[in-house]
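Here is a short walk through one protein chain. Keep the sequence and the model side by side as you read.

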Amino acid sequence: MFFSHRKDILRFLDAERDVSVVKSSFKPGDVIHYVLDRRRTLNISQNLHSLLPEVSPMKSRRFQTCAVVGNSGILLGSGCGKEIDSHDFVIRCNLAPVVEFAADVGTKSDFITMNPSVVQRAFGGFRNESDRAKFVHRLSMLNDSVLWIPAFMVKGGEKHVEWVNALILKNKLRVRTAYPSLRLIHAVRGYWITNKVQIKRPSTGLLMYTLATRFCDEIHLYGFWPFPKDVYGNLVKYHYYDELKYKYFSKAGPHRMPLEFKTLNLLHNKGALKLTTGKCEQQ
């Protein structure tokens, strides 16, 4: 089942190319339109250009088992850390903290997404030196991992992207930066809509799962649970690491989490992926 599903996705997506634009795609000073906000434009700065990879960071890479780790509170108390870290390649979303939650979420991070809004939400908008130091420390833990920054999606995050890029360059951090291609969202959305899943704007988790089909033979998902209670009726935090309250069924939000989850669950039942929503067996 998985292989036919993968072949299907590859008709829409060249995951290697779509993971990141590369240096030769642009030159400093180029003006591009935002993917989800076509009327607004962005100038490619010298810093941004210098951090674009020469070749796709996923070029020619293949892994037997991959974990995509979402950030739902369902992970708390799961004891899944060891199991997550045992995968060949681990993808995490939105620079979520791991060290203090290692027993449940693991620490191995090979590919980490970071929406520009994270700078504001988790690092105080870099307003003071200690916020910046905290951020640099978090990135220094990544070393050779790929840090994936959706810089071209919507207007509003460009100064955060510039600050992040400046800190990476100034501190000579060894993280490998990647910036998703301008067509990625449309390709992923196109794939799901063709399969009768009406997704307005895929969440980071769904984007990562879809990309992973390209370079992973087996995909395991953790921390995907878009409901306020677990199957036993216990309350579940929205994120495992903060107190954010959120309306799962709000029509206003861009993502359709319960619909996405239903789709992933369906694929789990067909054997195309493994979705873990409970406790992990201790090895």
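A cavity is a set of grid points where a 1.4 Å probe fits but cannot get out. Its volume is the space filled by probe spheres set on the points. Keep in mind that this is a predicted model.

The structure holds two cavities of 30 Å³ or more. Look at the second largest cavity, which has a volume of about 30 Å³. Which residues line the second largest cavity? They are Ile74, Leu75, Ser78, Cys80, Tyr222, Gly223, Thr276, Thr277 and Gly278. By class, this lining has four nonpolar residues and five polar ones. No charged residue takes part in the lining.

A disulfide is a covalent bond between the sulfur atoms of two cysteines. How many disulfides does the structure hold? There are two. In one of them, Cys80 is joined to Cys280, with 1.9 Å from S to S. The angle about this S-S bond is 90°, and the link of Cys80 and Cys280 is right-handed. Distant parts of the chain are linked here: Cys80 lies in the loop between β3 and α4, Cys280 in the segment after β9, and 200 residues separate the pair. Both Cys80 and Cys280 are buried.

Now find the other bond. Cys66 and Cys216 form a disulfide, and their sulfur atoms are 2.0 Å apart. The link of Cys66 and Cys216 is left-handed, with -85° about the S-S bond. This pair, too, links distant parts of the chain. Cys66 sits in strand β3 and Cys216 in strand β8, 150 residues apart. Are these two cysteines buried or exposed? Cys66 has a relative accessible area of 0%, so Cys66 is buried. Cys216 also counts as buried, because its relative accessibility is 0%.

Step back and count the bonded cysteines along the chain. The disulfides follow the pattern 1-3, 2-4. Cys93 is in no disulfide. For Cys93, the nearest cysteine sulfur is that of Cys216, 13 Å away. A disulfide needs two cysteine sulfur atoms within 2.5 Å. Cys93 counts as buried because its relative accessibility is 7%, and the cut-off for buried is under 20%.

Next, turn to the nonpolar interior. In soluble globular proteins, nonpolar side chains tend to be buried together. The largest nonpolar core here has 45 residues. Those with the most contacts inside this core are Phe111, Trp148, Trp192, Met208, Tyr209 and Leu221. Both helices and strands supply the core: among the elements that give two or more residues are α2, α9, α10 and α11, along with β3, β4, β6 and β8. Which element gives the most to this core? Helix α10 does, with seven residues. There is also a second, separate core of 31 residues, which includes Phe26, Leu51, Ile112 and Ile149.

Finish with an open space. The second largest pocket has a volume of about 350 Å³. It is lined by 17 residues. The closest to its centre are Leu95, Pro97, Ala122, Phe123 and Lys134. In the lining of the second largest cavity, by contrast, no residue is charged.

Note on methods. Residues numbered from 1 in each chain as written. Predicted model: local features only at pLDDT ≥ 70, side-chain atom pairs only at ≥ 80, totals over all residues. Heavy atoms only, no water. 1 Å grid on protein atoms, 1.4 Å probe; cavity = no way out; pocket = protein on both sides within 12 Å on 5 of 7 lines; lining within 4 Å. Nonpolar A, V, L, I, M, F, W, Y, C, P; charged D, E, K, R; others polar. Core = buried A, V, L, I, M, F, W, Y, C linked by side-chain atoms within 4.5 Å. Buried < 20%, exposed > 50% of the residue type's maximum accessible area, 1.4 Å probe, protein only. Helix = DSSP H or I, 4+ residues; strand = E, 2+ residues; numbered from the N terminus.
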